[in-house]
Amino acid sequence: MAIDPRVKHQQMMQEIVPSMRWQEGEDVAAWQEKARAKLREVLGLPFASKAENFRIEWTKEDDPKWNEIRFAFESEPGQDVVCHLVLPKAYEGKLPLAICMQGHGTGMHISLGRVKFPGDEGDFDGDRDFAVQAVAKGFAALAIEQRAMGEGSPNANGSPNCNHPAYQAILLGRTIIGERCHDVSCTIDVVEQHFPMIDMERIFMTGNSGGGTTTIYATALDTRIKAAMPSCALCGYYASIGAMQHCPCNYIPGIMKYFDMADLVAMAAPRPYVAVNGVTDASFPIESAKQQVSDARKVYAALGAEDKLRHVIGPEGHRFYKALAWPVFDEITGW
């Protein structure tokens, strides 16, 4: 007799078949529309208001790498979102935009290549300075502080504190990942309204770990995100967050009844998509990640866009692989 409830839960997760998975022959656009509606429902979306009280807190033009704008706004009453927009020193025409999402580290300053707390240097070894990489390629880059992380964390050292906020959100019929996706969509609204140098047809999103997770969900929901490159986040629910304890911000009540992560990727079809995993990443087992990409590719193939979904597998663990991933992104986007 098993007493540990995880045994029963794991059995149920192994047996469940997502009820809203795309079926061969089904109209993809119609499926995506109803799938997004269900995903919004399980995430607890939408919220009351979007993108109010915008203000620029400061600008800097003395950095040799880029010009920088720090701005903030309310994505709902009383909830600030803080962002840094960095622009190449010289450019012509409108700029493609990289939305950079940090994971469970000390904050968005990592994307900007900055050390703020002891130990931050280690993140650069894992290629997590996404904004630095994007601007070097001629993109504008936007670092968004995720809820309960960095400046949004109650911890003085910036370390993430998702536990209590995630559980509070569930009590309210929300999820913190839904709140983070809402913040991303509101930020895109702000960019469109206030930053005319950005090409709204060339917005993409990237991030590692918790940043990759937000990338997956936000790209599924918001079609203004024209390409995605999530890292160390794509994996079957059972094999990853179902098999081992993760941060509670990963858990969405009831989602396995409807979707696996492959279905979230399929909601992005036929947009260019580079899924990045590490072969030894124990948190997101590679065989399950491969299966999710394979399952999502069926929807891409139905749209004649099979080549727009790629899987980059790095030789190490839970990190980004810029030398491997960016060339693939360049190839399938042509940006």
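Trainee: In this predicted model, is alanine 51 buried or exposed?

Mentor: Alanine 51 belongs to the loop between H2 and S1, and its relative accessible area comes to 18%. A residue counts as buried under 20% relative accessible area. With 18%, alanine 51 is therefore buried.

Trainee: What is the phi of alanine 51?

Mentor: Most residues other than glycine have a negative phi. Alanine 51 is a residue other than glycine and yet has a positive value. The phi of alanine 51 is near 50°.

Trainee: In which loop does cysteine 232 lie, and what is its relative accessible area?

Mentor: Cysteine 232 is placed in the loop between strand S7 (227-231) and H8, and its phi, near 50°, is positive in a residue other than glycine. Since buried means under 20% relative accessible area, cysteine 232 counts as buried, its relative accessible area being 0%.

Trainee: Where is proline 46 found?

Mentor: The peptide bond that runs from leucine 45 to proline 46 is cis, with omega near 5°. As for its place in the chain, proline 46 is found in the loop between H2 and strand S1 (52-60).

Trainee: How are H2 and H7 set relative to each other?

Mentor: Two packed helices are described by the angle between their axes and the distance between the axes. Here the axes of helix H2 (residues 28-43) and helix H7 (residues 210-221) come within 9 Å and cross at roughly 130°. Angles over 145 degrees count as roughly antiparallel and those from 65 to 115 as roughly perpendicular, so H2 and H7 are oblique to each other.

Trainee: Which residues in H7 do the residues of H2 meet?

Mentor: By class, the contact of H2 with H7 has 5 nonpolar, no polar and 2 charged residues. From H2 come Arg36, Leu39, Arg40 and Leu43, and the residues they meet in H7 are Tyr217, Ala220 and Leu221.

Trainee: How many charged residues are in the lining of the largest cavity?

Mentor: The structure holds 4 cavities of 30 Å³ or more, and about 70 Å³ of space lies in the largest cavity. Among the residues that line the largest cavity are Thr213, Tyr217, Cys235 and Phe284. By class, this lining has 7 nonpolar and 4 polar residues, and the number of charged residues is none.

Trainee: Which residues are the closest to the centre of the largest pocket?

Mentor: The largest pocket has about 290 Å³ of space. Of the 14 residues that line the largest pocket, the closest to its centre are Met13, Ile252, Gly254, Ile255 and Met256.

Trainee: Leaving aside its neighbours within four places in sequence, with which residues is glutamate 179 in contact?

Mentor: Glutamate 179 is part of helix H6 (residues 176-194), and at 9% relative accessibility glutamate 179 counts as buried. Once neighbours within four places in sequence are left aside, the residues in contact with glutamate 179 are Phe47, Arg147, Ala169 and Arg174.

Trainee: How far apart in space are valine 299 and isoleucine 3?

Mentor: Valine 299 lies in helix H9 (residues 286-302) and, at 2% relative accessibility, counts as buried. Valine 299 and isoleucine 3 are 296 residues apart in sequence, and their C-alpha to C-alpha distance in space is 40 Å.

Notes: Residues numbered from 1 in each chain as written. Predicted model: local features only at pLDDT ≥ 70, side-chain atom pairs only at ≥ 80, totals over all residues. Heavy atoms only, no water. 1 Å grid on protein atoms, 1.4 Å probe; cavity = no way out; pocket = protein on both sides within 12 Å on 5 of 7 lines; lining within 4 Å. Points joined across faces, edges and corners; volume = space filled by probe spheres on them. Axes fitted to C-alpha atoms, helices over the stretch in contact; angles between N-to-C directions. Helix = DSSP H or I, 4+ residues; strand = E, 2+ residues; numbered from the N terminus. Parallel < 35°, antiparallel > 145°, perpendicular 65-115°, else oblique. Contact = heavy atoms within 4.5 Å. Nonpolar A, V, L, I, M, F, W, Y, C, P; charged D, E, K, R; others polar. Buried < 20%, exposed > 50% of the residue type's maximum accessible area, 1.4 Å probe, protein only.
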